[in-house]
Amino acid sequence: MSEDRGKADNAAGSPDVDATAAGASDSAPVASRPTGKRPGRRTHAAATESQAAKVAGTPLATKAKPEKPRKENLFKRLRKFLREVIAELRKVIWPNRKQMITYTTVVLAFVAFMVAFISGLDLAFREGVSWLFG
């Protein structure tokens, strides 16, 4: 048992982990924990690839640019936009009358509370400044 414990210490780097219980063997590499950092620069791989192609003497395959779609008539685009807007508005779940009254009441009460709160702060600061500077 102590030999297994020693192997676990060496394999996992921690005395609390038992390698045989985790199913790891002596020859299996220990998986490193993710650090949360991004791997190296992505442009480095592209530069290395182009340098390797130059050394090998083979040109890189040029990427074919996709053709630009032809712009439709202004009125066709406007009509399409309006059709899509109407289609999206059909998906909306509209509130009924009771819900609308409730939501409106909540909003108006909140606005009234915030107006009173800001007015109170304004009055307090005004009085404080006039007391301080006299």
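Rings of Phe, Tyr and Trp (its six-membered ring) count as a pair if their centres lie within 6.5 Å, with planes under 30 degrees apart called stacked, over 60 edge-to-face and the rest tilted.

**View 1**
Search the whole structure and you get one aromatic pair. Phe113 and Phe117 make up this pair, and their rings are stacked, with 6.2 Å from centre to centre and 15° between the planes. Phe113 is exposed, at a relative accessible area of 52%, while Phe117 counts as partly exposed at 42%. Here buried means under 20% relative accessible area, exposed means over 50%, and partly exposed is in between (1.4 Å probe, protein chains only).

**View 2. The whole chain.**
This is a predicted model, where local features need pLDDT of at least 70 and side-chain atom pairs count only at pLDDT 80 or more, while totals for chains, interfaces and linings use all residues. Residues are numbered from 1 along each chain as its sequence is written, and side-chain values use heavy atoms, leaving out hydrogens and water. The protein chain has five helices and zero strands, so its elements read α-α-α-α-α from the N terminus on. Helices (H or I, at least four residues) and strands (E, at least two) are DSSP runs, numbered from the N terminus. Of the 134 residues in the protein chain, 2% are buried. Its accessible surface comes to about 13500 Å², and carbon and sulfur atoms account for 62% of that. Such areas come from the Shrake-Rupley method with a 1.4 Å probe; for residues, only the protein chains shown count as cover.

**View 3. Helix H5 from end to end.**
Helix H5 covers residues 97-133, and its end C-alpha atoms are 54 Å apart. That agrees with the 54 Å that its 37 residues should span at 1.5 Å a residue, since the expected span is 1.5 Å times one less than the number of residues. Just after H5 comes Gly134, with a positive phi of about 65°.

**View 4. A nonpolar patch on the surface.**
Val107, Phe110, Val111, Phe113, Val115, Phe117, Ile118, Leu121 and Phe125 form this patch, and together they have about 900 Å² of accessible area. Patch members have over 30% relative accessible area and no salt bridge; like charges are joined within 9 Å, and nonpolar side chains (Val, Leu, Ile, Met, Phe, Trp, Tyr) within 5 Å. Val107 lies in helix H5 and counts as partly exposed, at 48% relative accessibility.

**View 5. Two salt bridges.**
Side chains of opposite charge can pair when their charged atoms come close. The structure holds two salt bridges, each being a side-chain nitrogen of Lys or Arg within 4 Å of a carboxyl oxygen of Asp or Glu. One joins Glu88 to Lys91, whose closest N and O atoms are 3.3 Å apart. Both residues lie in helix H4 (residues 74-91), three residues apart, or about one turn of the helix. Glu88 is partly exposed at 47%, and Lys91 is exposed at 60%. Arg126 and Asp122 also meet in a salt bridge, at 3.3 Å from N to O. These two are four residues apart in helix H5, which means about one helical turn between them.
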